[in-house]
Structures are given as structure tokens and as C-alpha cells.
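Thanks for coming, everyone. Let me put the structure up, and then we'll walk through it.

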Amino acid sequence: MQLSKVIKIIFQISFLLIFASIFSACTHQQDAKPTPSEDVEKQNDPPAAQPAKAWKLPIEIPEGEFYKIGGWLTDQEILYITNYEQSSSLYVYHLLTGSSELLYKSDAPIVSVQISPSKELILIQSSPSTYEGQVTIVTSDGSEIIKKSIPSYELEFEWNQFNESEILISSFNEDWSFQMLLLDIEQNKTAELSIPQPFIKWLGKEEVAFLHWDEASPSLFAPLMSKQLGTDKEETILDDVLQFSTYRNILMTITVNDEEKLQAAYTFYKKEKKEVFTFSIPHLTMFSGWLVPFYDFNESKGKFITLKPLKSAEADAYSGGFDLVSYDINKDKSDIILKALKNEPLLLSPAGEAALYGNRFDQIIDLHTKEIYKLVKK
């Protein structure tokens with residue numbers, strides 16, 4: 001076999017493993033019971049109100065079988081999905097009253113829900129068949145705006161936080177070849193984009209960022225590039241980046257720590273690459289690279305939360321559990337919320353006082369009292 005074909009096959013295998021790690025939660029974690037811990041560094045701010053005291057839990061499902069939580073609509077309202085036969089329903093649950101309100105009913109199973117940055121629009125992804133994805137945009141009161149069918153095996157979305165009428169859509173085929181689309185909600189149309197990588201994030205109203213992986217030379221790291229839509233202009237932002245996230249005024253990158261190679265460095269930048277905060281945690285290695293633990297960021301509060309392994313190790317062999325740590329990037333402070341958690345998705349509330357947690361977001365963490373609650377009875 002020619003060397004070029006061998007390299008291509010290795011790259012494709014690595015891409016599939018990286019893709020799987022992005023779309024799936026880690027399955028090799030310790031089932032330890034989470035326990036509160038001492039603060040790493042005490043906050044000087046007065047304690048905020050404890051939202052959990054007034055929550056009405058668990059959720060009583062009106063009809064069908066619970067599928068998963070869709071996210072925060074407000075600090076006291078969450079969305080959840082139920083399945084009944086081949087249909088799905090999307091409900092708003094009011095944490096303070098314990099009531100559920102039907103928002104939208106779909107004839108096809110709902111796969112996922114994404115709420116716009118302003119919380120005014122909701123994207124509902126349903127799956128009429130294996131090779132078809134249906135995208136429906138509704139308002140926060142359930143009024144349907146548009147509905148589009150996209151031939152695909154898997155879809156990934158990125159909402160434009162600078163212009164909520166635009167959504168980037170990565171449409172994957174079964175062999176993980178892909179097509180990049182730009183959905184314009186106001187004009188009710190989609191346009192194909194020429195971008196070499198599928199995992200794209202918004203940097204500005206018409207500017208995107210992506211990691212430029214070299215198919216001919218597979219690597220654990222890649223240059224972080226920016227591109228103006230509608231042009232061929234591309235620029236390198238940073239070299240040797242493992243993963244990144246963008247927010248309205250913040251860019252966060254994950255790289256190797258120059259001084260300690262067994263540490264992953266999380267760095268936060270404002271405009272023009274001005275570094276404002278950085279910290280390092282142990283990293284777990286996989287065949288295709290590093291396992292990046294789940295995290296979320298509330299930009300308005302400057303609060304970043306992540307699951308932190310206790311030591312660097314191979315991911316498959318690691319059984320030490322994860323600490324849930326909160327970082328204040330404005331005050332250079334950190335706080336351990338809980339210990340011995342699994343590496344599962346996190347989603348902060350709009351005010352940053354609570355977080356949804358779990359592969360189905362079926363748990364909720366009060367970040368002030370450091371207690372964890374089940375949203376749904378099993």
C-alpha cells in the first residue's frame with residue numbers, strides 16, 4: 001500500500017475517534033458518589049440567593065417517556081423532551097411552580113434542542129429517518145418560524161451570537177464527509193459555504209474560526225484560523241491548539257502547558273489576542289489525542305466551570321473521578337464545587353448560579369450550596 005494511502009487511513013481513523021469523543025460522553029468513569037469539598041479559594045462576594053430552596057422537583061412527566069433536558073430558557077425555566085411512540089413533545093418546566101407547559105409537538109423524534117443566546121429562539125432538530133434531519137425554528141412561546149429538511153446522517157449547529165438570524169450547520173454523511181451550510185432565518189434560506197473544516201465557531205458577525213487540521217500530516221494540534229465569510233481571506237490566530245471555544249468577547253483555547261507537558265493549559269483572550277486569564281489541569285491521553293473534560297462558560301459573570309481529573313493518565317485506565325471546579329476569570333479565583341463526579345456534559349444557567357449536568361442533563365447542581373439534585377425520577 002502506498003505511504004500516502006496509509007497516512008490518509010490513519011487520519012480518517014483519528015478523525016472518527018476525535019468526532020466520537022466530541023459527540024459522546026466518556027464511558028470509563030468511576031461511579032463514585034459526589035461529595036462537597038473545601039474551597040480552593042474563598043470568594044469575597046456575599047452569598048447569592050439559594051435557588052434550590054424553592055425548586056419543585058422532581059418533574060412529573062405529563063405524557064410519554066422522558067428523553068432529556070434541552071437547556072435553560074430562563075433561570076427558573078428549563079426545556080425538556082418526551083417521546084411517545086414515534087412522536088416527541090417539547091415542554092417548558094417552571095422550577096418554582098412545578099408545572100409543565102407544552103411548547104411544541106413533533107411527528108418525528110426530536111434529537112436535540114438548542115436555545116439562541118438571547119433565549120428568544122429555539123432550534124429543534126428532529127429525525128424523520130436515518131438519513132434526514134429536520135430543522136425547525138420556533139419562538140420562545142412555541143410559534144413556528146421555519147422548518148427545513150436537510151439530507152444528513154448527523155448535524156452540528158453553531159448559532160451566531162452576533163446575529164441570531166444566522167446558524168452554521170455542519171451536515172455529515174455516514175462516512176463523515178461533510179457539507180457546511182449557512183441558515184438565514186430571516187430570509188428562510190440556506191447557502192453552502194466553502195470551509196475546509198466541519199467544526200466552525202463564530203468570531204464576529206461575518207467572521208468564523210476553525211482548527212486547520214492537515215490531512216496529509218495528522219497531529220494532536222493544529223493552527224487556529226480565522227476566515228471572513230464570502231472571501232478567501234484566512235489568517236492564523238494561534239499555533240498548536242487542541243480545542244477552542246468562542247464567545248461574544250472572549251476566545252478560549254486549550255493547548256499544552258509549555259512548562260509542564262502533562263498539563264493542559266486553558267487560556268482566555270479578549271480582542272486582539274489580549275490574554276486575561278489562564279490555568280492548567282492534568283490531561284488524559286487517548287489513541288487519537290487528549291480527552292478534553294466537559295466545560296461551560298458564563299461570559300456575563302466571567303464564570304468558567306470544568307470537570308478536572310486528579311492526575312494525568314491514559315483515559316481508558318483512569319478511574320479517579322473528576323472535580324467540578326469553578327473559575328472566575330475576572331478575579332483570578334477558583335472554587336471546587338464537587339468531587340468524584342463523572343465526566344458528563346455541563347450547562348450553566350443564565351445567571352451562573354446553577355448548572356445542568358449529565359448525559360441527558362437530568363441532574364441540576366446548585367453552585368452555591370454545592371448540592372446536586374435529580375430532575376426526573378428513574
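Which residues form one aromatic cluster? They are Tyr-247, Tyr-266, Phe-268, Phe-277, Phe-279, Tyr-295, Phe-297, Phe-304 and Tyr-327. Rings of Phe, Tyr and Trp (its six-membered ring) pair if their centres lie within 6.5 Å; planes under 30 degrees apart count as stacked, over 60 as edge-to-face and the rest as tilted.

Some ground rules. This is a predicted model, where local features need pLDDT of at least 70 and side-chain atom pairs count only at pLDDT 80 or more, while totals for chains, interfaces and linings use all residues. Residues are numbered from 1 along each chain as its sequence is written, and side-chain values use heavy atoms, with hydrogens and water left out.

Now the overall picture. The protein has one helix and 32 strands. Helices (H or I, at least four residues) and strands (E, at least two) are DSSP runs, numbered from the N terminus. Of the 378 residues, 49% are buried. Buried means under 20% relative accessible area, exposed over 50%, partly exposed in between, with a 1.4 Å probe and protein chains only. Take contacts between residues at least 6 apart in sequence: 43% of them join residues at least 24 apart. A contact is heavy atoms within 4.5 Å.

Back to the rings. The whole structure holds 23 aromatic pairs. Phe-277 and Tyr-327 have ring centres 6.2 Å apart and planes at 55°, so this pair is tilted. Phe-277 sits in strand E21 and Tyr-327 in strand E27, 50 residues apart. Both Phe-277 and Tyr-327 are buried. Next, Phe-279 and Tyr-327: centres 3.8 Å apart, planes at 10°, so that pair is stacked. Phe-279 is in strand E21 and Tyr-327 in strand E27, so the pair ties together parts 48 residues apart in sequence. Phe-279 is buried too.

On to the cores. A nonpolar core is a set of buried Ala, Val, Leu, Ile, Met, Phe, Trp, Tyr and Cys residues joined through side-chain atoms within 4.5 Å. The largest has 19 residues, and Met-252, Tyr-266, Phe-268, Phe-279 and Phe-304 touch the most other members. Which strands each supply at least two residues of this core? Strand E19 (251-256), strand E20 (263-270), strand E21 (274-282), strand E24 (295-298) and strand E27 (322-328). A second, separate core has 18 residues, including Leu-284, Leu-291, Ile-305 and Ala-355. Look at Tyr-266. Leaving aside residues up to four places away in sequence, its contacts include Met-252, Ile-254, Phe-277, Phe-279, Val-292, Pro-293 and Phe-304.

Last, two sheets. Two strands pair if DSSP finds at least two bridges between them. Strand E4 (residues 87-94) is joined to E5 by seven bridges. Ser-88 has Ser-106 in E5 as its bridge partner.

The other open sheet has the order E14-E15-E16-E17, again antiparallel. Its edges are strand E14 (201-204) and strand E17 (234-241). Three bridges join E14 to strand E15 (residues 207-211). Lys-201 is the bridge partner of Ala-209 in E15.

That's the tour.
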